[in-house]
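Please keep the sequence and the model in view while reading.

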Amino acid sequence: MAERNIVEAINSALAEEMEADPRVMVLGLDVGKLGGVFRTTSGLVDRFGAERVVDTPLAEAGIVGASLGLALAGMVPVAEIQFLGFTAQGFHQIGPQLAKYRQRSRGRYHCQVTIRAPFGGGIRSPEFHSDGVEAQFVQSPGIKIVMPSNPYDAKGLLIEAIRDPDPVLFCEPDRLYRGRRSVVPDGAYTLPFGKAQLVREGEQVTLVAWSAAVDLCLRAADALVADGISAAVLDLRTLVPLDVETLCAQVAKTRRCVVVHEAPLSAGFGAEISATLMEEVFYDLDAPVARVAAFDVPFPPASLEDYYLPSLDRVVAAVRRTMEA
Amino acid sequence: MEEEFLLEALRWMMKSRLYDQKVIALQRQGLFGVYSPGIGQEACIIGSAMAVDPVRDWMVPQYRELMATVHHGLPLEVITAQYLGKIGPARIPEGVKVLPTQVSIAAQLPQATGLAWGLRLRRQDSAVITYVGDGGSSEGDFHEGLNLAGVTRAPIVFFLSNNQWAISTSRKVQTATRNFALRAAGYGFEGVEVDGNDVMAVYDVTCEAVERARSGGGPSLIAAETYRMSFHNTTDNPSRYQDQKDYDEARSRDPIERVQKYLAGLGLWDAKREAQWTEEIREENERAMKMATEAPAPRPEDVFANVYEEPPPRVIRQRADLVDGQGG
């Protein structure tokens with residue numbers, strides 16, 4: 001079986017779907033000959049032609065708005081926004097338009113649109129490139145939010161996104177793009193949305209994360225073995241829909257929980273996780289749910305990002321505090 | 001031929017005017033939602049709509065072209081039901097090539113471009129007409145939508161009704177350009193200026209633009225000069241900012257009276273015919289209003305209708321809580 005990194009897994013998912021369905025097209029900045037700034041669309045224009053792999057003008061609202069219209073015409077657009085932080089310049093076409101279109105049209109129209117967007121810190125990007133703004137979109141009901149953490153999930157979840165009749169925001173952890181390879185089968189396969197995955201078993205505490213923070217939690221869990229702490233890691237995979245059932249069952253089992261994300265702490269999605277656990281499994285907890293997140297300041301220059309993002313030390317320290325509580 | 005066209009156009013323009021007047025009266029009694037009338041702009045609304053084919057072309061409205069969408073096949077009772085807050089009865093019927101009204105200014109333009117581009121990719125022999133105003137032309141979406149249309153050579157007609165007002169903001173401070181049609185040059189396609197109170201002129205330039213779109217000649221921008229002879233919407237009060245002289249001057253160029261006078265000169269229009277048409281149209285409009293009013297009101301759980309094909313479990317639970325009366 002083929003081993004792929006996330007870039008290759010995404011490329012494979014796009015190619016599979018374009019091959020299988022002539023309505024599927026890719027559009028965005030530099031997605032053609034360059035193959036995208038991270039090369040996720042590499043080779044697609046040669047294989048499927050410039051009519052289906054389209055270098056668009058530099059205009060985020062235009063890319064998303066046009067994708068909505070393309071979908072209404074019967075195409076299945078997969079739009080790339082070069083970095084999630086750049087969605088600020090197209091946000092009004094995502095939250096207020098794409099996410100609401102089915103409701104606004106009383107169900108006459110739906111938008112089978114996938115927006116792919118790399119994001120996250122840790123690769124020394126210029127400003128605006130690293131912003132983790134996924135929680136902003138959670139307040140826009142109608143769009144699903146997918147946050148894969150590894151190559152296998154990236155391919156399966158992207159194919160699921162492309163086939164979903166409703167709009168999907170698919171956030172790709174650019175730090176892990178060329179990280180660990182894993183077995184990613186050839187051919188199409190899907191992973192259902194709203195199914196969290198226990199990526200590491202553990203008895204005493206559950207680390208809850210998504211996207212690149214899953215990798216951080218796995219490293220933390222490894223480090224905690226030396227302390228005699230057995231930590232489970234739960235990868236949410238999708239924020240919308242949220243797998244409340246698995247989350248609650250898992251945390252009730254270990255009775256302790258630490259949520260880790262790379263977005264700022266306040267009103268980050270960790271707050272939603274923590275509040276959900278309070279509502280659902282409060283009496284099963286032995287310690288308050290802890291959060292490890294970026295600080296409540298704008299993403300700093302790359303020279304400071306290691307201090308801003310949750311670090312291995314901060315996660316390990318938070319778990320130790322939770323175990324002592 | 002010309003007379004035939006003008007009589008048909010007049011009928012629709014009168015229908016638009018009479019509907020607006022009826023709705024404003026109802027809104028004042030609390031029986032209708034916030035509404036933006038097209039009074040004074042009927043030549044733009046009807047002349048442009050008559051230039052597109054409801055069977056093959058798509059219409060992407062803003063919100064002041066209600067009767068254009070009706071001309072394009074959207075039943076009047078359906079669009080009326082939308083303003084009455086109905087859900088199911090306000091759904092655009094299958095086969096009607098109209099998109100929902102758009103209140104987020106200019107947001108429809110990139111969407112309309114995408115639709116036109118997609119229709120061509122799907123090898124459909126269709127054009128798209130979309131509407132925007134002088135205020136909307138200042139939005140970023142105007143630029144992004146038109147620029148992308150130019151690049152993709154999408155089969156689309158951008159119909160800009162310059163009614164001189166964006167709520168209270170005068171066209172004079174909206175832009176320094178002297179003519180909105182000039183903007184098309186910046187996007188590499190045709191821009192045409194037209195007297196937006198002349199229904200025949202509007203129809204002619206729109207027909208040319210639609211033909212250009214269908215035959216691969218790319219997009220067009222039509223800048224129609226008109227005047228908003230009422231308010232922005234039913235919450236607005238133009239006496240706070242509008243010069244009476246401007247309004248009176250615009251009244252003297254009323255697009256409906258213009259056609260009536262012309263037809264009267266040909267012996268095709270008189271007070272008797274006007275009274276008869278007015279009564280017939282009022283009856284039609286009343287019928288639609290009655291159907292919309294009597295259509296089923298939404299149920300509380302319709303809050304959750306039409307958001308997802310498959311709602312997330314959490315949303316399903318919220319819906320159940322609402323239905324059970326637990327209020328979530």
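Which residue stands opposite V128(B) in the strand pairing of β2(B)? W58(B) stands opposite V128(B).

The model is predicted, so local features are given only at pLDDT of at least 70 and side-chain atom pairs only at pLDDT 80 or more, while totals for chains, interfaces and linings use all residues. Residues are numbered from 1 along each chain as its sequence is written, and chains are lettered from A and ligands numbered from 1 in the order in which they are written.

**The sheet of chain B**

The pair of W58(B) and V128(B) belongs to the pairing of β1(B) with β2 (residues 128–133) of chain B, which run parallel and are joined by three bridges. Two strands are said to pair if DSSP finds at least two bridges between them. Strands are DSSP runs of E with at least two residues, helices are runs of H or I with at least four residues, and both are numbered from the N terminus. Five strands of chain B form an open sheet with parallel pairing, in the order β1-β2-β3-β7-β6. At its edges stand β1 (58–60) and β6 (190–195) of chain B; each has a single partner strand, so one side of each is left without a neighbour in the sheet. On average, neighbouring strands of this sheet are turned by 20 degrees against each other, direction ignored.

Chain A holds an open sheet of seven strands with mixed pairing, in the order β3-β2-β4-β5-β7-β6-β12. Its edge strands, β3 (53–55) and β12 (238–240) of chain A, each pair on one side only. From one strand to the next, the twist averages 20 degrees. Strand β2 (residues 24–28) of chain A pairs with β3(A) in the parallel sense over three bridges, and V53(A) in β3(A) is the bridge partner of V26(A).

The table sets out values for each chain. A residue is buried if 20 or more other C-beta atoms lie within 10 Å of its own, exposed if 12 or fewer, and partly exposed in between, with C-beta atoms placed from the backbone.

Two residues are in contact if their C-beta atoms, placed from the backbone, lie within 7 Å. In chain A, 80% of the contacts between residues at least 6 apart in sequence join residues at least 24 apart. For chain B, residues 24 or more positions apart account for 74% of the contacts with a separation of 6 or more.

**Domains**

Domain bounds come from an automatic or database domain assignment. In chain B this assignment gives domain 1 (2–235 + 242–297) and domain 2 (301–328), with C-alpha centres 36 Å apart. Chain A is divided into domain 1 (3–183) and domain 2 (197–324), and the C-alpha centres of these domains of chain A lie 26 Å apart. Their contact takes 24 residues from domain 1 of chain A and 20 residues from domain 2 of chain A. On the side of domain 1 of chain A that touches domain 2, the elements giving two or more residues are α6 (134–138), β6 (144–146), α7 (151–163) and β7 (168–173) of chain A.

**A buried serine**

S211(A) is found in the loop between β10 (205–209) and α8 (212–224) of chain A. S211(A) counts as buried because 29 C-beta neighbours lie inside 10 Å. Leaving aside neighbours within four places in sequence, S211(A) is in contact with G120(A), M147(A), S149(A), C171(A) and P173(A). G120(A) is 91 residues from S211(A) in sequence, with a C-alpha to C-alpha distance of 9.0 Å.

**Between the chains**

In the contact between the chains, 34 residues of chain B meet 37 residues of chain A. The largest share of the chain B side, 10 residues, comes from α5(B).

Key. Axes fitted to C-alpha atoms, helices over the stretch in contact; angles between N-to-C directions.
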